[in-house]
Every structure is written in structure tokens, then in C-alpha cells.
Amino acid sequence: MKVPAFCRSSLRFGFTILAFAVCAIATQAADKIVVLKAARLFDGKSKTLAQNGVVIVQGNKIVDAGSNLPAPPDAQVIDLGDATLSPGFMDGHTHLTLDFSGNYNERRLKEVDLNVSEQAIIATRYARATVEAGFTTVRDLGSRFVGSKEFVDVALRNSINKGVIVGPRMLVATYGIGATGGHFDPTSGFRDMLFGHEPDFSQGIADGPDAIRKAVRFEVKNGADVIKAAVSGGVLSLADEVDTPQLTPAEMAALVDESHRLRKKVAVHCHGDQAAKEAIEAGVDSIEHGSFMKPETLTLMKNKGTYLTPTLMATEWIMSKIDNYPPALQAKAKAAAAARSDMFRNAVKMGVKVSFGTDAAVFPHGQNAKEFKLMVDLGMQPMDALRAATGNAADLFGIAQKTGTLEKGKFADVIAMPGDPTADITATERVSFVMKEGKIIRNGPPSAPPVAVSADAEPEIPAD
Ligand SMILES: [Zn+2]
């Protein structure tokens with residue numbers, strides 16, 4: 001029986017009977033056992049589903065998981081029926097403090113208009129929608145407000161951890177690191193000196209290896225769990241080409257070395273093939289997007305064990321709303337969308353490691369699970385897609401010892417979806433039960449539908 005630390009110290013000092021009573025209550029609460037049952041169970045790593053799934057939870061941890069396990073006496077049993085139990089989903093690429101899903105120019109104006117504190121409060125809705133959709137852990141790869149030096153992602157993460165608000169476990173990147181005029185330069189596309197100065201390391205903008213190191217150190221100092229950088233151009237930026245390299249090999253080497261020395265993983269935004277090759281050689285942990293990567297680059301990735309985070313939902317959303325974007329961005333989006341399907345098919349065929357990731361914020365938060373069907377439609381086996389969002393993601397995030405699988409000793413991050421997701425992968429979009437660290441966040445219909453600030457952002461993507 002686990003006795004809370006404060007109880008042990010009270011006992012050691014021989015305190016009163018009252019202390020005893022308080023400890024007994026606390027111990028009792030911590031020992032409460034909840035048994036989750038469903039017709040099937042996906043454990044986050046196996047190649048097949050188990051039948052008659054059972055997960056036994058005590059406090060915030062899993063005590064046992066498997067088939068046909070007997071419920072301990074006095075346990076609370078929650079039978080979810082014809083459903084599949086799974087580890088909570090993990091999204092390797094979100095931006096929970098932002099919303100890019102509406103009209104591009106309106107959003108840009110709003111970006112310089114909206115008070116950052118107001119945006120932070122709105123972001124609490126995005127966090128809730130995400131966890132209610134079954135995503136109990138996310139990497140938040142970049143949070144930035146032009147002209148402001150706030151760390152809203154750090155605040156959101158901390159507020160969730162303290163139980164102030166409800167949301168997924170977050171690994172945050174603070175500002176994306178990038179070159180002057182590159183994809184992450186917040187002043188790109190605005191009149192020169194509109195904001196009075198060129199952005200520097202304190203907003204993630206760095207040129208040269210030493211400046212990159214300083215940016216990494218500054219971000220870790222301010223709470224970054226993971227380092228994000230843009231090594232090639234991007235779709236939703238006005239002053240760059242989508243596939244040109246934006247960091248030199250020497251800058252990438254400094255980025256990876258400094259981040260790894262500080263035990264942080266490196267995720268790089270990269271569409272272009274040359275930049276991807278250089279980044280993989282430099283030792284980054286994941287390539288985000290990777291639209292134009294050629295088979296030769298994918299081979300390099302496979303050999304180095306670099307993860308791909310495909311973010312298929314981002315291009316899917318942009319293409320379905322293409323008129324919302326200026327002509328220059330439309331051209332970049334079309335080129336990336338045309339290339340990414342072949343790239344992803346090749347990556348799957350070649351056995352490149354894939355972590356689930358969506359770029360949520362490009363589309364309304366809470367629709368993350370739609371990525372599963374896009375992955376399966378491009379040739380990924382449903383079980384592999386499910387593993388990408390659980391065990392594999394946990395491996396990339398560096399937290400596989402704590403979560404990502406339904407195993408004894410892991411956090412009780414457990415979800416359930418109706419039916420069999422290997423027969424119909426869209427079951428992932430109808431998660432009906434969410435538990436995070438032993439706390440039930442919902443059991444039944446969601447209270448938070450997909451959310452977006454933009455009035456013109458519709459909750460559904462039209463079928464193609
Ligand atoms: Zn992104």
C-alpha cells in the first residue's frame with residue numbers, strides 16, 4: 001500500500017490521531033481501483049487487437065492491462081461495451097495557442113489586433129477540445145504572437161499540469177527557431193520596421209551557429225520541452241519559397257548539438273528535399289511535413305531512424321479552403337499537396353518511422369483524429385496508424401517510459417472508441433471515453449466540439 005510522503009513524515013514524528021485519520025482517508029482515495037472493460041483492446045504496440053479488453057487503474061497509473069483480467073473485489077467497473085480501449089492518442093504537431101483556420105488576411109489582421117491575454121484565454125478552449133477528442137498528450141510546436149514576447153504555450157502547459165484548466169499533457173517548443181526572412185520570421189510580409197526592430201533570438205530568429213545556440217538556450221531557460229526550427233520555407237508565410245533551405249548545415253549542426261546537450265529533442269519544419277537531407281544528416285529527431293522528400297532522402301531517414309510527422313490534415317484543410325489564402329500561398333499549397341501523397345506512400349512502403357502529427361491550428365482544434373483516415377487512405381495499415389499515434393509517438397516524444405502504451409506502471413491515459421478501428425479507422429473520430437492520468441475527462445458525448453475563433457471556419461471538411 002502506498003502511503004503519501006506527507007503521511008510518512010507525520011507518522012515519523014508521532015503526530016496526533018487526527019493526522020492518522022487524514023492519512024487513512026488520503027490512502028484510501030489513492031487506492032481506489034477502477035476497471036475499464038470493452039470488447040477489444042489496443043495496447044499501443046502490438047500488431048493485433050486483444051479481445052475482451054480490460055485495463056485496471058489505480059490512482060493515476062495502470063496496474064494491469066490485457067484480455068479477460070478479473071476485476072479485483074470492490075473495484076468500480078466501467079463496461080464500455082462494443083468499443084476498443086486504447087492508450088490516449090498523441091499528436092506530435094499542434095499549436096494549441098493559435099488558430100490559422102479562417103481567412104488568411106483576416107487572421108493576420110487579428111494577430112496584430114488581438115490582446116495576447118485574450119488569445120491565451122481562448123486557447124483554453126482549444127486545449128479542452130483536443131483532450132476531449134482523445135488526445136491526452138501533444139507536442140506544441142510553436143507559439144508566437146507578432147510584436148509580443150509572451151510564452152502562452154508554457155502558461156497553458158503549466159495551467160493544465162496544475163489542474164487549473166482541462167487539456168492534454170503538453171510538450172511545448174515556445175518560439176520556432178528560424179532565419180531572418182524565413183518561415184518563422186513573424187515580421188515577414190509586413191512593411192519593414194513596422195514593429196520598430198528586427199526580431200532576434202528572443203523571438204526565435206537567429207542567423208549563424210552561435211545565434212542558434214543562444215536561441216536554444218533562451219527557449220530552454222523559458223520553459224521549452226522540445227526545440228522546433230524551420231529549416232526550409234513553408235506554405236503559410238508570405239516572403240519565402242516553400243522548399244528552399246533556410247538554415248545552413250553549420251546552423252543545423254549547432255541546433256542539434258545544443259538541443260541534445262540540453263536533453264531536448266529537435267523537430268524541424270521542412271518541406272524541401274535538400275533541407276531535409278541536411279537536417280537528417282545533422283541528426284534532427286523528426287522531420288515535420290516533409291512534402292518534397294525524395295526516396296533517396298527517405299532511405300537516409302530510415303537508416304538514421306529519423307521520425308516523419310506527416311501532418312496530412314494541414315494540406316487537406318488548406319486545399320479544401322484554398323480561396324481563403326492569397327494567390328502566392330495558394331501556389332505553394334498546391335505544390336506541397338501534389339508532392340506529399342507520393343512522399344507519404346513511399347515513406348510507408350520503405351518503413352520510415354512515422355509519428356502521428358496534424359498541425360492542428362491550420363484546421364480547427366479537436367479534429368486531429370481525421371489524420372488517421374488520410375494516413376490509411378495513402379497506404380498505411382490501420383494498426384500502424386494507431387501505433388503512430390501511441391507507442392511510436394511516445395518514443396519520439398521521449399516519454400515512452402511514462403505513457404503511450406497500456407502497460408503496468410504507465411500513466412492511466414486511456415480512451416475508448418466505438419467498434420473496431422481496424423475495420424473502420426474513422427472510429428478514431430468518435431472517441432467516447434477519455435481518461436487522463438486516472439481522471440475521467442469524459443464518458444459519453446463531448447462537451448467541446450471542434451473550435452475555431454474564425455467565424456468562417458466550418459467544423460467539417462467536405463468529402464472529396
Ligand atoms: Zn506547424
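These legends go with a set of close-up views of one predicted model.

**View 1**
Across the protein the pLDDT averages 91, and 89% of the residues reach at least 70. Residues 1-28 are another matter, as their pLDDT stays under 50. For this stretch the model has 13 contacts beyond four places in sequence.

**View 1. An open sheet of 4 strands, β9 to β12.**
The strands here run in the order β9-β10-β11-β12, and their pairing is parallel. At the edges you will find β9 (226-230) and β12 (307-309), each of which pairs on one side only. With direction ignored, neighbouring strands in this sheet are turned by 25° against each other on average. Zoom in on β10 (residues 265-270) and β11 (residues 286-289), and you can follow 4 bridges joining them in the parallel sense. A handy pair to pick out is Val 268 with its bridge partner in β11, Ile 287.

**View 2. Helix α8 against helix α9.**
Here the axes of α8 (residues 273-282) and α9 (residues 295-304) come within 10 Å and cross at roughly 20°. An angle under 35 degrees counts as roughly parallel, so that is the relation between α8 and α9. The crossing of α8 past α9 is left-handed. On the α8 side, the residues in contact are Asp 273, Ala 276, Lys 277, Ile 280 and Glu 281. They meet Glu 296, Thr 297, Leu 300, Met 301 and Lys 304 of α9. Sorted by class, this contact holds 5 charged, 4 nonpolar and 1 polar residues.

**View 3. Helix α9 against helix α11.**
Now follow α9 to another partner, helix α11 (residues 327-350), where the axes lie 10 Å apart and the packing angle is about 40°. The two helices, α9 and α11, are therefore oblique to each other. The crossing of α9 past α11 is right-handed. From α9 come Pro 295, Leu 298, Thr 299 and Lys 302, which meet Met 343, Asn 346, Ala 347 and Met 350 of α11. By class, the contact of α9 with α11 has 5 nonpolar, 2 polar and 1 charged residues.

Strand β7 (residues 135-140) pairs with β8 in the parallel sense over 4 bridges. To find your way along this pair, look for Val 138, whose bridge partner in β8 is Met 170.

Definitions and conventions:
Residues numbered from 1 in each chain as written. Predicted model: local features only at pLDDT ≥ 70, side-chain atom pairs only at ≥ 80, totals over all residues. Heavy atoms only, no water. pLDDT = per-residue confidence, 0-100. Contact = heavy atoms within 4.5 Å. Pairing = 2+ DSSP bridges. Axes fitted to C-alpha atoms, helices over the stretch in contact; angles between N-to-C directions. Parallel < 35°, antiparallel > 145°, perpendicular 65-115°, else oblique. Left-handed = near helix turned anticlockwise from the far one by under 90°. Nonpolar A, V, L, I, M, F, W, Y, C, P; charged D, E, K, R; others polar.
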